[in-house]
Amino acid sequence: MGKYIVEGQARLQGELRVQGSKNAALPILAATLLTPHSVVHNCPNLSDIGAASNILEYLGCRCSLEEGTMTVDTAGCCRDDIPDNLMREMRSSIVFLGAIIARCARARISMPGGCELGPRPIDMHLSGLKKLGVSIRDDYGYLDCRAEHGLHGAKISLPFPSVGATENIMIAASVARGDTEIHNAAREPEIYDLAAFLCACGGKVQIDSSGTVYVSGVEQLQSCEHTVIPDRIVAATWLSCAAITGSRLHLYDVEPQHLTACIPMFEEAGCELRAGESTLDIVSPRRLLPLRMVRTMPYPGFPTDAQAPFMAMCALSSGTSVFVENIFENRYKHAGELCRMGANIKVEGRVAVVQGVPLLHGAKVECTDLRGGASLVVAALAAQGDSEISEIRHVERGYEDLEGNLRSLGAKIKKVEKSGDIC
Ligand code: EPU
């Protein structure tokens with residue numbers, strides 16, 4: 001099992017290119033099923049993207065990822081099921097459901113379980129697809145879904161702006177008969193990127209300023225080429241690494257517009273930020289200030305995926321910060337690991353109170369999930385002494401060459417595959 005060994009307190013300096021967005025690429029890869037041939041540029045090379053291409057290949061498609069470009073050829077697609085082992089590889093495999101039903105009029109997938117972030121229900125995905133004409137039977141842990149009379153448009157109102165449910169419905173509706181409206185849809189940049197992909201394939205998708213998605217079904221989608229948006233959470237993580245180490249950093253190939261909730265928080269912590277068209281510069285103070293209140297919210301609110309890296313920053317700040325996690329029930333597992341490094345964090349339900357300490361110390365810690373793992377790296381970069389961070393497979397789901405990127409800035413971090421093997 002891989003580990004990072006981090007020698008803390010190195011000052012960082014330099015520039016990083018921000019990778020393509022994992023959470024934008026995944027639904028787009030699912031939607032490629034509805035096209036004959038797709039070329040997706042800026043696709044990050046991550047284990048979750050590998051899991052998505054394993055699903056496409058299992059279904060009979062041909063995929064290749066070369067130098068950030070994923071090519072998907074669906075001519076050989078001959079299956080309509082996803083077996084349990086592939087569903088378990090990645091929780092967000094559920095986003096393939098709408099695409100498979102739309103292509104095959106049937107889908108059989110194993111029921112996704114909970115995950116590191118707590119229970120992950122899919123009721124909104126299923127009720128949305130039912131409105132489009134899908135009948136769903138729970139068959140001993142498998143979902144047997146059929147659209148015997150084809151898919152048709154519908155008016156759907158989501159009780160919560162779920163990102164995955166919005167994506168599943170958009171994909172299925174793009175080739176349904178008639179018009180679909182999704183009210184209270186998610187408004188994350190990844191939703192707009194999926195809409196851009198579908199439109200590039202000849203789909204008809206529009207999103208108004210209130211977040212309602214309008215889809216006019218077309219008979220079929222065409223082959224197309226698309227470039228995935230930059231990953232806003234990876235960008236926020238790199239900025240957190242610079243902030244906590246009192247460093248300067250230049251990010252390029254970033255979309256500052258997607259970080260409008262994070263940038264004021266870095267400023268409240270005492271950092272100076274300068275945004276260009278596709279660049280962001282950060283200059284950080286010697287010691288960070290606390291953040292009065294960080295409430296995670298659906299976009300354009302503060303992203304739940306950035307909560308953990310910000311918590312690491314606040315752990316070393318000069319006062320008390322309060323976090324309220326409104327999206328996931330169980331997203332503070334990293335707090336206990338940060339405490340092993342000397343942080344003072346009290347968690348009570350959805351609230352975490354972080355009392356900044358003057359010094360974190362290196363420790364043996366374990367990644368509990370993707371962003372929680374990233375927060376341990378952020379903390380270890382600033383801690384005094386060495387940290388050993390295990391279970392880094394979680395981090396590798398979302399960060400391309402994390403250690404190489406940080407090393408290029410002067411960080412002292414190495415990856416150890418097994419005991420003794422340094423990569
Ligand atoms: N929910 C339901 N029923 C549903 C769907 C969602 O109750 O049918 C609940 C969830 O349990 C959760 C909340 O609604 O409490 C939000 O879930 P949402 O569906 O919006 O999230 P998701 O689509 O499962 C995506 C990202 C997550 C990100 C969230 C919120 C992908 C692949 N995943 O998940 O990313 O945290 O949106 O922005 O796009 C990550 O990258 O680390 C990550 C977890």
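Four strands make an open sheet of mixed pairing, ordered β10-β11-β13-β12. Strands are DSSP runs of E, at least two residues, and helices are runs of H or I, at least four, numbered from the N terminus. Two strands pair if DSSP finds at least two bridges between them. The model is predicted: local features need pLDDT of at least 70, side-chain atom pairs need 80 or more, and totals for chains, interfaces and linings use all residues. Numbering starts from 1 along each chain as its sequence is written, and side-chain values use heavy atoms, without hydrogens or water.

| β10 | 155-157 | a single partner |
| β12 | 204-207 | a single partner |

Each edge strand has a single partner, so one side of each lacks a neighbour in the sheet. From one strand to the next, the twist averages 15°. Axes are lines fitted to C-alpha atoms, for helices over the stretch in contact; angles run from 0 to 180 degrees between N-to-C directions. β12 pairs with β13 (residues 213-216) in the antiparallel sense, over four bridges. Q206 has Y214 in β13 as its bridge partner. Helix α6 (residues 163-173) packs on the sheet and touches β10, β11 (179-183), β12 and β13. Contact means heavy atoms within 4.5 Å. The direction of α6 makes about 170° with that of β11.

W238 and Y399 form an edge-to-face aromatic pair, 6.3 Å centre to centre with 70° between the planes. W238 lies in helix α8 (residues 232-244) and Y399 in the loop between α13 (393-396) and α14 (402-407), so the pair ties together parts 161 residues apart in sequence. Rings of Phe, Tyr and Trp (its six-membered ring) pair if their centres lie within 6.5 Å; planes under 30 degrees apart are stacked, over 60 edge-to-face, the rest tilted.
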